[in-house]
Amino acid sequence: MKWLSLFILGLVMALLIYAETDLPDRGDPEAPANQHVSPLYLERTVEDTHTPNAVTSVLADYRGYDTLGETVVIFTAGIACVLILMRRRSDDNQIRKPNS
Amino acid sequence: MTYLPILIPVPLLLFAFIGTLAGLWRRSLAYGAALLGTAISLGVATAGLVVVLSEGNLHHFLGGWDPPWGIEYVLDPLSAFMAMLVTFIGLVVLIYSRQSLLHELPERVVPLYVLKLLLLAGLTGIAVTGDLFNLYVFLEIASLAAYALMAVGGRQSAMAAFRYVVLGTIGGTFYLLGVGFIYFSTGTLNMADAAQRLPALYESRAIMAAVAFIVLGLGLKMALFPLHVWLPDAYTYAPSAVAGLIAPIMTKVFAYALVRMFLTVFQPDYFRVTLPVTDIIGWLSAAGIVIASILAIAQRDLRRMLAYSSVAQVAYIGLGIGLANPLGMIGALLHILNHAFMKACLFLIAGGIRFRTGLVDIPLFAGFGRLMPWTMAAFTMAALSMVGIPPACGFFSKWYLVLAGLDAGNWVFVAVILISSLLNAVYFFRVLEQVYIRPLREGVAEEQVREPPAEMLAPILVLAAGIIILGIINVVIVTQVLYPVTEPLR
Amino acid sequence: MITRYESPIVEVVCRVIVPFVQVFALYVITHGHYGPGGGFQGGVILAASFLLLRLCLGGELAHQKLPPRLAIALGAFGVLLYGLTGLVPMMAGGQYLDYGHLPIPGVSGAELRYVGILIVEIGIAFGVLGIMVGIFDNLVERQS
Amino acid sequence: MILEAFTDRYVYFMTVALLIIGLYGMLGKRNLLKKLIGMIVFQTAVFLFFIEGATKFFIENGTKLRGSVPVIDPQLGTDPALYVNPLPHVLILTAIVVSVATTGVALALLLTIHRGYQSLDEKVILERMRQ
Amino acid sequence: MIWQIDFYLLVILIITAVVALEIRDLLASVALLTGYSFFMALLFAQMGSVDVAFTEAALGAGVTGVFLVCALFFLERRSAD
């Protein structure tokens with residue numbers, strides 16, 4: 001088991017280092033991530049939403065549905081905690097007498 | 001008309017919140033909210049499938065922003081098909097779960113129903129989304145709901161759920177990492193846009209790593225063979241109404257997400273020729289089918305046997321994806337549908353038996369066939385379908401997989417499917433023998449062994465009837481829905 | 001059940017600090033348009049103020065300020081507010097979450113989107129506040 | 001020159017190191033709370049990877065400057081080259097919340113497990129589970 | 001540009017992560033984890049993402065720490081490895 005997890009760790013590390021040597025340079029303004037979608041957010045955020053903070057406007061407007069999902073994730077976690085920690089009358093795994 | 005895609009997950013979400021508020025006031029209202037939300041969603045999904053088949057794909061731009069900048073929802077035949085499957089199974093299991101939960105966990109019904117709605121919302125969201133990151137968000141909603149739902153069956157189930165949390169988080173985070181590689185290489189998160197920009201970057205090592213991480217992450221979530229370690233314990237100890245909901249659809253939706261990556265985001269040839277992804281998935285699945293089937297034979301606990309059988313059946317889907325030809329993909333997608341019906345039916349029957357008698361071990365089921373005729377008839381139907389006897393639907397997906405294996409000239413896979421049918425026959429006929437031939441065990445009170453109440457029996461019978469109906473109309477499904485989906489593979 | 005921490009200093013400092021923390025949280029929520037901050041951060045800070053009350057004053061007193069059931073209800077209400085803000089523009093002919101079609105008289109165009117973002121941030125803040133306090137209550141209270 | 005290449009890439013390698021440490025904590029540690037801590041470290045490393053990818057440099061008067069905070073400053077104007085990329089920040093905001101939610105659920109599970117088995121050691125729990 | 005700040009913060013991060021995982025006392029481990037989150041928030045702020053830094057400081061270093069410590073109150077403090 002110990003060797004298996006070490007093997008997995010080595011594999012993931014090798015894969016990551018192998019991949020990261022081929023990513024665009026750090027902070028390169030010509031990189032696709034900085035060229036394709038995001039410039040428009042910065043250019044138009046004030047004009048479209050009156051919001052100088054581009055993160056807020058992207059968060060709540062351009063990609064607002066992700067944020068709805070994120071709020072739902074928090075909500076799910078809350079309900080999950082209520083469900084898991086609710087005290088039960090019959091303790092543990094005992095199946096109660098079948099109702100008849 | 002373009003409203004249809006968004007109206008599939010949103011009723012589920014809204015009724016989850018309304019159900020919470022109503023449930024705080026009066027406990028029984030949560031069930032009504034769950035039922036109503038799922039029914040609306042099923043109606044919209046059905047309408048969506050009809051519209052999509054006649055008028056072509058529907059696109060909904062959330063927030064009114066055009067795709068690469070905003071999030072896009074796409075309803076095409078495949079996603080409408082998945083959404084309809086998820087909501088249908090969800091509705092049937094919800095009807096079943098009222099009695100079952102009142103019996104097993106009467107104090108916790110409100111959060112259980114709310115989490116079931118959120119689980120369904122997450123899964124339908126995965127089905128209809130057209131955005132890589134949005135898929136991650138909904139994947140996490142579905143996963144969190146599933147962790148919690150699986151944890152309430154007692155102390156073993158809590159431990160099983162914790163292991164699922166650890167492995168599931170690794171899976172989800174690997175997927176996020178893969179999306180990160182794609183984003184930093186292409187600059188976009190929209191699936192259609194990424195599909196356009198990716199072919200120029202196929203030589204890039206970052207994209208290869210992205211593929212590896214996405215396949216690993218989704219593989220962990222869908223319990224593809226060597227990554228299935230969380231599944232048997234989790235399904236065994238979960239409450240029966242939850243196992244009946246999660247086992248049929250959860251892993252299948254992640255399989256669908258993998259298919260979507262394979263067909264929509266990347267070109268199939270990238271997975272088939274440039275990288276040996278489909279070969280690896282195929283061979284691992286072939287090993288998984290045989291090993292998991294043998295492990296299923298060794299189990300005494302019916303739920304554990306079904307869990308191992310689930311691993312084997314997910315591996316069938318993996319085998320179809322691994323064959324990577326049109327027939328294989330049709331077989332895999334048809335198996336998603338068929339297996340959802342069969343496994344839901346089987347888990348609900350296991351829950352029904354446990355509801356009446358409290359028994360889970362197969363040898364103790366001796367002689368039940370006489371006392372629970374309808375339930376056991378449904379069990380026989382599902383078992384025959386799992387083995388692959390012609391009128392039932394399980395035969396047809398295996399048939400397409402065998403054809404695909406012959407088409408690809410891969411005799412090993414064909415042999416694996418045939419052998420596994422024999423193994424399936426072994427472990428299901430073992431149960432059938434106990435049920436129909438052996439006399440009732442000493443110590444099992446005869447008056448307890450009765451049909452479950454009508455509210456639980458009806459969903460079982462609906463699913464059993466569905467197995468036959470799907471078998472009969474499978475030609476329609478294949479030609480209308482699944483055949484156009486495999487267009488990129490041709 | 002957490003018990004009250006028997007120290008006048010802790011109690012006084014807690015009672016003095018909490019209103020300022022809450023005011024700062026409101027500032028963070030509403031100032032999200034112009035600087036760092038927004039619904040999440042503000043909601044978390046609000047939740048932190050209630051957690052501080054629960055830790056310092058003990059369960060009984062702090063539950064009067066925000067009962068556990070109300071916390072969960074507040075969480076559900078916040079998320080529902082977000083969901084409905086998405087649904088209302090659809091009735092007015094827009095897309096889901098299209099704030100440009102919110103039926104608010106007197107504002108239009110970019111201003112309307114500004115208002116929409118503000119409503120959504122408030123919903124997020126309520127949701128995060130309620131759920132964080134709810135998680136804490138469940139982690140602490142349900143232990144036998 | 002080597003220094004240049006190092007300053008360009010070293011953050012990625014440090015991120016990989018953090019990620020591996022977290023993964024090791026999740027897979028190699030027996031204590032369940034340690035697994036949870038490993039999970040948090042692992043997820044945070046991925047966040048760091050995204051935020052790292054969002055930085056942007058621009059050249060002004062021959063010196064390399066880091067892009068500014070993505071809040072539009074009327075004096076700087078709306079030239080996107082001057083600000084860092086806001087999109088990964090938004091994604092990571094979402095992911096941080098997901099991570100906290102997962103932590104909350106995992107902690108609830110831990111409390112239930114401890115109530116049932118009186119232990120946090122995976123080996124002990126699995127032994128007691130098989131009985 | 002001052003790349004040294006990033007570098008030192010990253011080294012601190014790696015050290016805190018390793019020690020948090022290796023130390024036997026779980027309370028110390030949790031405390032180090034909140035420290036880890038705080039340094040991560042500093043690093044985010046240094047990289048120009050103030051919103052994420054704010055969230056990480058409030059959620060990662062604040063609320064998660066409270067949850068972990070409160071949960072630890074009901075659990076055992078020693079760890080075998």
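## Extent of the interface

In this predicted model, the contact draws 67 residues from chain B and 46 residues from chain A. About 5000 Å² is buried between chain B and chain A, and carbon and sulfur atoms give 66% of that area. Trp65(B), Trp69(B) and Arg205(B) account for 16% of the area that chain B buries against chain A, more than any other three residues.

## Polar and charged pairs

The rule finds one salt bridge across the interface of chain B and chain A. Its partners are the side chains of Arg63(A) and Asp131(B), at 2.7 Å from N to O.

On chain B, the elements that give two or more residues to the side touching chain A include helix H1 (9–25), helix H3 (77–104), helix H6 (155–186) and helix H14 (326–357). The residues of that side divide into 41 nonpolar, 15 polar and eleven charged.

Glu451(B) is located in the loop between helix H18 (411–436) and helix H19 (454–485) of chain B. Glu451(B) is buried but has no salt bridge; Arg356(B), the nearest side chain of opposite charge, is 7.9 Å away.

A polar atom of the Glu451(B) side chain lies 2.6 Å from the backbone nitrogen of Trp374(B), and the Glu451(B) side chain makes a polar contact with the side chain of Thr375(B) at 2.5 Å. Beyond its neighbours within four places in sequence, the contacts of Glu451(B) include Leu371(B), Met372(B), Pro373(B) and Leu457(B).

Definitions and conventions: Residues numbered from 1 in each chain as written. Chains lettered and ligands numbered in written order. Predicted model: local features only at pLDDT ≥ 70, side-chain atom pairs only at ≥ 80, totals over all residues. Heavy atoms only, no water. Contact = heavy atoms within 4.5 Å. Buried area = accessible area lost by both parts, 1.4 Å probe. Salt bridge = Lys/Arg side-chain N within 4 Å of Asp/Glu carboxyl O. Helix = DSSP H or I, 4+ residues; strand = E, 2+ residues; numbered from the N terminus. Nonpolar A, V, L, I, M, F, W, Y, C, P; charged D, E, K, R; others polar. Buried < 20%, exposed > 50% of the residue type's maximum accessible area, 1.4 Å probe, protein only. Lys, Arg positive; Asp, Glu negative; His and termini not counted. Polar contact = N/O pair within 3.5 Å; in protein donor to acceptor, adjacent residues only side chain to side chain.
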